[in-house]
Amino acid sequence: EVQLVESGGGLVQPGGSLRLSCAASGFTFSDNAMSWVRQAPGKGLEWLSGINMVGTYTNYADSVKGRFTISRDNAKNTLILQMNSLKSEDTAVYYCVKHDGLSTQNGMDYWGKGSLVTVSS
């Protein structure tokens, strides 16, 4: 059974940092691209960042480029999102997402349950 479990969310002040982790199991982690997607209160889903299966290619939405960094540790089956210079508009539930192939161009087939990030003073 595929499982994606996010952790590391919480309350942070504007300008602060958080590091989200996603523990993956039930599939060969190194065979799949991964992404982070978020949903702000009352808004739709927003794709943030993706990484290919070996971590050599990453891409970002304009809204987080230069502030967020995606990475992965295939030895530990873990996906990471380092978030810096957080803004109130980054408040959202953050989801770890598995792609059904090597590239972020492949479709998304499994989602975690999400981790809430609240940016507020």
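Cys22 counts as buried because its relative accessibility is 0%. Buried means under 20% relative accessible area, exposed means over 50%, and partly exposed lies in between (1.4 Å probe, protein chains only). Cys96 is buried too, with a relative accessible area of 0%. This is a predicted model: local features need pLDDT of at least 70, side-chain atom pairs count only at pLDDT 80 or more, and totals for chains, interfaces and linings use all residues. Residues are numbered from 1 along each chain as its sequence is written, and side-chain values use heavy atoms, leaving out hydrogens and water.

**The disulfide**

- A search of the whole structure finds one disulfide, a term for a pair of cysteine sulfur atoms within 2.5 Å.
- Cys22 and Cys96 form this link, with their sulfur atoms 2.1 Å apart.
- Cys22 lies in strand 3 and Cys96 in strand 9, so the pair ties together parts that are 74 residues apart in sequence.
- The link of Cys22 and Cys96 is left-handed, with -70° about the S-S bond.
- A disulfide is a covalent bond between the sulfur atoms of two cysteines.

**The sheet**

- Strands are DSSP runs (E, at least two residues), numbered from the N terminus.
- Two strands pair if DSSP finds at least two bridges between them.
- Four strands form an open sheet in the order 1-3-8-7, with antiparallel pairing.
- Strand 1 and strand 7 (68-73) are the edge strands, and each pairs on one side only.
- Five bridges join strand 1 to strand 3 (residues 18-25), and Gln3 stands opposite Ser25 in strand 3.
- Strand 3 and strand 8 (residues 78-83) pair over six bridges, and Leu20 stands opposite Leu81 in strand 8.
- In strand 1 (residues 3-7), Leu4 and Glu6 point to one face and are buried.

**Rings and charges**

- The whole structure holds two aromatic pairs. Rings of Phe, Tyr and Trp (its six-membered ring) pair if their centres lie within 6.5 Å; planes under 30 degrees apart count as stacked, over 60 as edge-to-face and the rest as tilted.
- One of the pairs is Tyr95 with Trp111, edge-to-face at 5.9 Å centre to centre, with 70° between the planes.
- Tyr95 counts as buried at 16% relative accessibility, while Trp111 counts as partly exposed at 38%.
- The charged end of Arg72 sits over the ring of Phe29, 4.3 Å from its centre. A charge sits over a ring if NZ of Lys or CZ of Arg is within 6 Å of the ring centre and within 35 degrees of the ring normal.
- Lys98 lies over the face of Phe27, at 5.3 Å from the ring centre.
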